[in-house]
Amino acid sequence: MFCADEHALPILLSLKEAHRTMRHIFISISYHPPSQVECFFKLKCFGWSLRHFSIQEKKRCAYHKHDSGPGTPESETQNGDVVTMAEKRRNIRKSYNYVYICTGKSQAAMHKHWEEVMQYVSNHPDEDPPERLHGGCR
């Protein structure tokens, strides 16, 4: 949702649909950190309370799937190279997913602020919404 040219309008419309259909809670999982996406979740038209946290994920290089099993000191890659277990451990890269939890939607905020937010995003489809359009999340 957050990876596109002219990203602001599709994000806004997706979040509006999430707002429309949510009953109590909306959860979004993203590779994007809060500094890149909070400006959308905090838009005053939604009236959401926002919480977020990160989940660390370990990504392994492709040759890990060829591991001969636990306790094996070395294994062979697809091209025949021998790789030690120590080399494998060094090639583990850390990655994070971010979980965003939105609660407490506000119909009144949607009716009051939607036109202003939509007009700005329509006129600036490749920009993140400015802070003046944030509702100061609860």
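## Patches and rings: a chat

Mentor: Let's start with Ile25, Ile27 and Ile29, which make a nonpolar surface patch of about 300 Å². Keep in mind that we're looking at a predicted model.

Trainee: Where does Ile27 sit in the chain?

Mentor: Ile27 belongs to strand 1, residues 25-30.

Trainee: And why is Ile27 called partly exposed?

Mentor: Its relative accessible area is 48%. Buried would need under 20% and exposed over 50%, so Ile27, at 48%, counts as partly exposed.

Trainee: On to the rings. How many aromatic pairs are there?

Mentor: The count comes to 4 aromatic pairs. One of them is Phe41 with Tyr100.

Trainee: What makes Phe41 and Tyr100 a stacked pair?

Mentor: Their centres are 5.0 Å apart, with 25° between the planes. A pair needs centres within 6.5 Å, and stacked needs planes under 30 degrees apart, so both tests are passed. Phe41 is in helix 2 (residues 34-41) and Tyr100 in strand 5 (residues 93-103), so the pair links parts of the chain 59 residues apart.

Trainee: How do you know that Phe46 and Trp48 are stacked too?

Mentor: For Phe46 and Trp48 it's 4.5 Å centre to centre and 15° between the planes. Those values fall within 6.5 Å and under 30 degrees, so stacked it is.

Trainee: Why are Phe46 and Trp48 called buried?

Mentor: Phe46 has a relative accessible area of 0%, and Trp48 has 2%. The cut-off is under 20%, so each is buried.

Trainee: Which residues form the aromatic cluster?

Mentor: Phe26, Phe41, Phe46, Trp48 and Tyr100.

Terms used:
Residues are numbered from 1 along each chain as its sequence is written. This is a predicted model: local features need pLDDT of at least 70, side-chain atom pairs count only at pLDDT 80 or more; totals for chains, interfaces and linings use all residues. Side-chain values use heavy atoms; hydrogens and water are left out. Patches are made of residues with over 30% relative accessible area and no salt bridge: like charges are joined within 9 Å, nonpolar side chains (Val, Leu, Ile, Met, Phe, Trp, Tyr) within 5 Å. Accessible areas come from the Shrake-Rupley method with a 1.4 Å probe; for residues, only the protein chains shown count as cover. A salt bridge is a side-chain nitrogen of Lys or Arg within 4 Å of a carboxyl oxygen of Asp or Glu. Helices (H or I, at least four residues) and strands (E, at least two) are DSSP runs, numbered from the N terminus. Buried means under 20% relative accessible area, exposed over 50%, partly exposed in between (1.4 Å probe, protein chains only). Rings of Phe, Tyr and Trp (its six-membered ring) pair if their centres lie within 6.5 Å; planes under 30 degrees apart count as stacked, over 60 as edge-to-face and the rest as tilted.
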